[in-house]
Each structure stands twice: as C-alpha cells, then as structure tokens.
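Trainee: Hi, could you walk me through this model? I'd like to go over the metal site and the charged contacts.

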Amino acid sequence: MEVADERLNASTFEELAMPLFDQLFNFAHWLTQNRSEAEDLVQETYVKALKGFSSFQPGTNFRAWIYRILRNTFLTSRTGLKATATVPLDTEDAPELPAGPDTPETIFIERSQQQLLQSAIGTLPLYFREVLLLCEVEEMSYQEIGEALTIPIGTVMSRLSRARKALREKLRQKLQGG
Amino acid sequence: MADDFTAKLDNYLDGELCTVETKSVELHVRNCPACAADVLSRVHLRRAVQIAGRRYQPSAEFRARLQRQVAVRPGFSPARAWLTAASVIAVLLFAGMLANYIGHQRLERQHAFSEIADLHVSTLASTNPVDVVSTDRHTVKPWFQGKIPFTFNLPELSKSEFTLLGGRVVYLEQAPGAELIYQVRKHNISAFIFQDGAVNPAFRADSGPRRRLSFNAQSWSANGLRYFVIGDASAEDIQKLADLLKDAARS
Ligand SMILES: [Zn+2]
C-alpha cells in the first residue's frame, strides 16, 4: 500500500536523520559562518534528503549520504560558490605549503585559547576546514569522509595532512602574536 | 627529529592503520622520545580541535521548526476507515489526496526546472564561471574524466554559430554532472549532463522547448544521460544547440 510505505519511509527517515541534527547544524555553521544561512542550509538538506530518501540504499552509510547532500547544497549556494571560487577545484594540484621546521610540533592549546583555535579553524580554506571537522569533530573514518566529500581515500589522507599542517602553521603564527 | 614513522602518526591516531602497522608504530613510539613527544602534541591538538569544533548549537526554535517538517504526519489509514462508518469521508479524503498528489508532482517538476535555472544563474553570477576554460571540445571532454562518473560526446561547432566557453562540475541535488557553457549572439547557454538514473525522478521528464523565468529550456535523455539546455537565448537557438548535442550523442 503506497500510503503505508510512504509513512514507513518517513518514520525511518526521521529516525535516521533527527539524531544527526545537532552535528549537521554545527557543520553547516562552520561552512557558512553564519547562523541564518546555516539554518537555511540544514533545512534545505533535510527537504532534499527526505525527497531523495527512496534513492538511499539501506545498509549503506546514511550519515555520509546526508552530509554529502548538505555539502553539495552548500557548494552551489552563493556563499559556497564564493568560498570555492578562490580555491582550485582540486587542491591536490595546489603547491605544497611551506614546510615547517622538522621538529615535533609543540603547540599546546589551553582552554583560554579556545577562541584562538576557533578563529584559526574558521580561516582555513574551505577544503581544509571541512575535512578537518569531519575527521576530528565528527570522528568519521577516511572511508566515510571520502563518501561525504566524494573523493577517494588517498585524497582524504593528503587533504587531511595538509589541513593539519595548515592549522598548525596558523596557530604558530597566532601564538607568536602574528 | 622526524623519522620514517612521523608520517604515519596521524593515520595511527586516526585508527586507520592495519593491525600490523599499528603494532609497529606502538613499539617504535615506546622507544623513540621524539615520536612520543610528537604523538602527545598531536593528541593534545586534536582534542582541542574536537572541543573547539563543537561550537555551534541550533536554537530551540529552529529545532522545533525542523522537527515539525520531518515528523511523520499521522496520515489516514484506509483499512481503518473502511471499518468505521466514516467511509464516505475516507473516499473524499482519498480524492483530496489524489488531487494533492498530482498537484505535488506538477510542483516538483516546476521545482526541477527552477533548480536547473538556479544552477545556470549561479554559473553566470560566479566570478570564474568555468573551471576548464577552452573552446576546444577535445580539451573540455577529457578534463571531466575522473571528476564525474560518466563520459559524453560534444558536438563539432565549426559550422555553427555556437562557441564553447568551457565547463565545470556541478551537482544536481547529490548527483554530480557536467555543465558546458556555450555562447551564441552574446547569450550564454548552459548545457547540463547527468546520469539519468542518478537524478531525482522529478528531473526525468522530457520537455520540448519551454519558457520559464525568462529562460528557454529543453530536456531529454539519451544513452542513459539526462540533458538540460537552458539560457536566455531564443527558443530557436536553444533548439539548435539541443540538436547539435543530440547528434553528437549518437555519433
Ligand atoms: Zn620516531
């Protein structure tokens, strides 16, 4: 029965999607850097995901799927287009970052330096910021990140390592009062 | 001091090394003060990032709004309606639902065209509208390789009035696709190509030349690909470009 199926679908969708609401909002806010834009982005994501839920394959990763929708929606938004306009499509083609000293990093962030860290994350280029947040905050596996960003695992690894390097570099500058 | 293990430390902390490698890193870190200090610093930083990264919380108002949108609406159950004396109401309800459903489908199709129009407009509004700048289809076509999960043929334009400006990767909802930007008589036209099966069914309706939001547009499917051509050029020019693309797809 069509009606019954639809209701079943909707309830499954709700069960899968609502627990991710806080995380998705947090991620959306980091992408858009603006509360009301983040709300619009999350709302559009849920509308699209609900509508496209029949194309979601049960047993595959729902979280990666809905993050992918959110991120693709963001990329085609005005803010997203602006954020990517300055970055080459494929960051792997970007020149290597200047290498820091070869000694172990000794950057220790105190609680009082939260703001400093937040502003450092906020100023990372989009492709670095998103991969870092998915790994550290969402604690996604490389596989999951690859699915969310539609990039191969090798690219996840190289992008992540560049992102961490860039973050340490930014912190070093900020801590040195730069 | 950086050594052979330094490069593996992040993968190790991410839990992405196989058992054998994990063991070898652990053993090394226990005996190498430099790597031990490095691990400590990395753990410290990633904890700090984790805390700093959980920064934004949705408002209660927004949560309630979204919850209402996603919540399962208590729909009517046909079986129960049949059992009760209210079957007349049920029939009326069903008719209403049907009308709603048809209206909904039409709305979805309109929505589909506005999305395509949105994509086209965002390209025009973008500071660098194309990621691959080339008038040569032999440059543009291979550029998409590895960026989208399908290939396509582009028409030879030397005998036409159209010029190819370049291309970019676009997403229609979650489906990746190609956008080619053509120019004719100073009008920009976008041609979008997606996998037919990957796009929402609402996008899969063929349409002849149609006018929407001051754009002319056309959509069709060929070889499992869904094409959209849209722009502020005349319906005739849109038709001509569509024909060129259709011919190329056949060759
Ligand atoms: Zn070592």
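Mentor: Happy to; we'll take the metal site, then the salt bridges.

Mentor: This is a predicted model, where local features need pLDDT of at least 70, side-chain atom pairs count only at pLDDT 80 or more, and totals for chains, interfaces and linings use all residues. Residues are numbered from 1 along each chain as its sequence is written, chains are lettered from A and ligands numbered from 1 in the order written, and side-chain values use heavy atoms, leaving out hydrogens and water.

Trainee: Great. Which residues are the protein donors of the zinc ion?

Mentor: Asp3(B) through OD, His28(B) through NE2, and Cys32(B) and Cys35(B) through SG, lying 2.0 to 2.4 Å from the zinc ion. Donors here are N, O and S atoms within 2.8 Å of the metal (3.2 Å for Na, K and Ca); water is not among the atoms, so sites may look incomplete.

Trainee: And what arrangement do the four donor atoms make?

Mentor: Tetrahedral, because their angles at the zinc ion are 100 to 118°. For four donors, that label requires all angles to lie between 85 and 135 degrees.

Trainee: How are the donor residues spaced in sequence?

Mentor: The pattern is D-x24-H-x3-C-x2-C. Asp3(B) lies in the segment before helix 1 (9-13) of chain B and Cys32(B) in the loop between helix 2 (19-31) and helix 3 (33-53), so the pair ties together parts 29 residues apart in sequence. Helices are DSSP runs (H or I, at least four residues), numbered from the N terminus.

Trainee: Is Cys32(B) buried or exposed?

Mentor: Cys32(B) is buried, with a relative accessible area of 13%, while Asp3(B) is partly exposed at 28%. Buried means under 20% relative accessible area, exposed over 50%, and partly exposed in between (1.4 Å probe, protein chains only).

Trainee: What does Asp14(B) pair with?

Mentor: Arg164(A), with the closest N and O atoms 2.9 Å apart. That pair crosses between chains, from the loop between helix 1 and helix 2 of chain B to helix 9 of chain A. Asp10(B) also meets Arg164(A) in a salt bridge, at 3.7 Å, N to O.

Trainee: Which residues are linked in a network of salt bridges?

Mentor: Glu136(A), Arg164(A), Asp10(B), Asp14(B), Asp38(B), Arg42(B) and Arg46(B). Within it, Arg46(B) and Glu136(A) meet at 3.9 Å, N to O, and both are buried.

Terms used
Four donors count as tetrahedral if all angles lie between 85 and 135 degrees; four count as square planar and six as octahedral if opposite donors are over 155 degrees apart and all others between 65 and 115; anything else is irregular. Helices (H or I, at least four residues) and strands (E, at least two) are DSSP runs, numbered from the N terminus. A salt bridge is a side-chain nitrogen of Lys or Arg within 4 Å of a carboxyl oxygen of Asp or Glu.
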